[in-house]
Amino acid sequence: MKISLGPILYYWTQEKLLEFYEEIAATPVDIVYLGETVCSRRHIMRLSDWLEIARMLTAAGKTVVLSTLALIESESDLKSLRRIAENSDFMVEANDMGAVHRLAGRMPFIAGPYLNIYNQQTLQFIASLGAKRWVMPVEMSLEGLQPLQQSRPAGLETEVFSYGRLPLAFSSRCFTARFHNLPKDDCRFLCIDDPDGKTMRTREGKPFLVINGTQTQSALMYNLLGDLDTLRDAGVDVMRISPQAEHTAEIIRLFRDGIEQRTSPETVMQQMESVMPEAACNGYWHGRPGMEQMFLASAVQHE
Amino acid sequence: MQPEYKLELVCPAGSLPALKVAVDNGADCVYLGFRDDTNARNFTGLNFDAANARAGVEYAHAKGAKVFLALNTYPKSHGSERWTKAIDQAADNGMDAIILADPGLMQYAMKTHPQLHLHLSVQGSATNYEAINFYHEHFGICRAVLPRVLSFAQVEELSAGTPVELELFGFGGLCVMVEGRCSLSSYVTGESPNNCGVCSPPKAVRWQKTSQGLESRLNGVLIDRYADDENTGYPTLCKGRFEVEGETYYAMEEPTSLNTMELLPELLRIKVRGLKIEGRQRSPAYVGQVTRVWREAIDQCMKNPEGFSVKPAWTAELGKVSEGQQHTLGAYHRPWK
């Protein structure tokens, strides 16, 4: 089982970003996805800056993939997409069918989690276009995944979003700008002040969702480390960890410990508690509402 | 010779009576779904069985209107025969097009019924011409319904880059999220538009009178709380009031309806092909009223686009049936974003 680090979903300063990836280079992560996937207005990093980080990580033995925007609305978004799709050094994760259109038949690509691949026919179609790996939609369960695994085209890898705040929705509206009573066109890039997003609570104070610009995430931390055995049994090849502002390197190490069975799932989940900013959830994997937390498969009998 | 350009009014039909009312009041097309999770308005008591669908097609065709089948959820591997069967049935019934989101189904439809017209559903999340052209090249889709997230300038830019006809939402409920890219509902209830054809499903809703006010909950999560003098709204979870850093407000979207009537001359100028009215879950009375108003507006605008203005009477009429009694141009008007 390989570990991947998903693209940073937040807007971080260049300094924080460079420091972060220096630290990541020294962790036991196998694959690193790089690039801005959430908002086309975020502009601190140019493609050349990402490529520099990509080369540094490659030199450290990591496989690097460049991720594309999930919501492509304008000609200038398409221009950035084409620049990424035409790079000759790194594989690309397509997060929109427009990106698949640019990549299909030209180079192997990764089918990202936002492409809505829910069944065998669609998976086979995407594989026939040159997908080398696909990322399951976050709301899919183990039961939903199994038939796709059974008829999976030869050589196609499966990746599952396994840790982090769930990327639940995209909008063209910026909710961070809305919070500040600013129009998106004059957002002043204030999301840079929220390296983990802004928590949205219910009126009784329970953490519910997280605002990250145009993206809405879960407030709870999706965590499938305790479900590792079922992921392994289902033939999942890659577990994806989504970056958070603090402790990401530690989380990668804990996942590695769990995968290599150096520690029991129960112990690793206990160790995770101190590095998770909010409580865990894993409902989706169990075919339940995503916000629910089911007990460890090894510790409890399901209904 | 090019066929004459016409903006089609595409109206919702949640039942046979609604379909008839839409056709009688001037809909050019009606769209409907079967009575299961193959469509994105999978509500109890709504939609068509096989006999009703056949009767609906006959009624519409006799009066010169087209019928589209909404088959716009994503089948899971288990049970995908429900979707392919629905495609076969649409072909048998002589429906004029199927509205699809799932590539696997498009492939099936294209191979099995090559004569069927395919429309890309709004649930397909195609927000740029590269994505639309992708579906066009692989499956020959002839029309794409655009997610309600683009500004008008972006729609215009997009239309120049694709041979595919465009259909836009003109009126009705407003999704603030990109359709097909929202799992908020399954996060809370287990069911979402993509996987079950529902958002914030009624079975998960609870209303409770408390000392702090009337509370609406979705699977236990507090979506809103109303003071005695406030109008209540259905607890669609993106339209609740939440607290961010000490401020309680509609953090995602107010309960409003989309209304793009004042953009009609612009839509004609860039030759948008379909103007879609949302609301298969609404009553035949709603469908009749909205269809009548939009028919009149489109006809007037086609006759004289330069002199077109929205009549206050139309706005008043539509205001009566809007969610939250408010209208917005949504994303078509840039500052909404």
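So, burial in chain A: buried residues make up 53% of its 303 residues, where buried means that 20 or more other C-beta atoms, placed from the backbone, lie within 10 Å of a residue's own. Keep in mind that this is a predicted model, where local features need pLDDT of at least 70, side-chain atom pairs count only at pLDDT 80 or more, and totals for chains, interfaces and linings use all residues. Residues are numbered from 1 along each chain as its sequence is written, with chains lettered from A and ligands numbered from 1 in the order in which they are written.

How does chain A's size look? A compact globule of 303 residues would have a radius of gyration near 19 Å, and chain A agrees, because its value is 18 Å. That radius is taken over C-alpha atoms, and the globule rule is 2.2 Å times the number of residues to the power 0.38.

Okay, secondary structure. Chain A has 10 helices and 12 strands; these are DSSP runs, helices (H or I) of at least four residues and strands (E) of at least two, numbered from the N terminus.

Now, where the chains meet: 55 residues of chain B and 53 residues of chain A take part in the contact, with contact meaning C-beta atoms, placed from the backbone, within 7 Å. Elements giving two or more residues on the chain B side include helix H5 (129–139) and strand S8 (177–182).

And that S8(B) runs antiparallel to strand S7 (residues 157–171) of chain A, joined by 2 bridges; strands pair if DSSP finds at least two bridges between them. Which residue of S8(B) is the bridge partner of Ser171(A)? That's Met177(B).

Note on methods
A residue is buried if 20 or more other C-beta atoms lie within 10 Å of its own, exposed if 12 or fewer, and partly exposed in between; C-beta atoms are placed from the backbone. Two residues are in contact if their C-beta atoms, placed from the backbone, lie within 7 Å.
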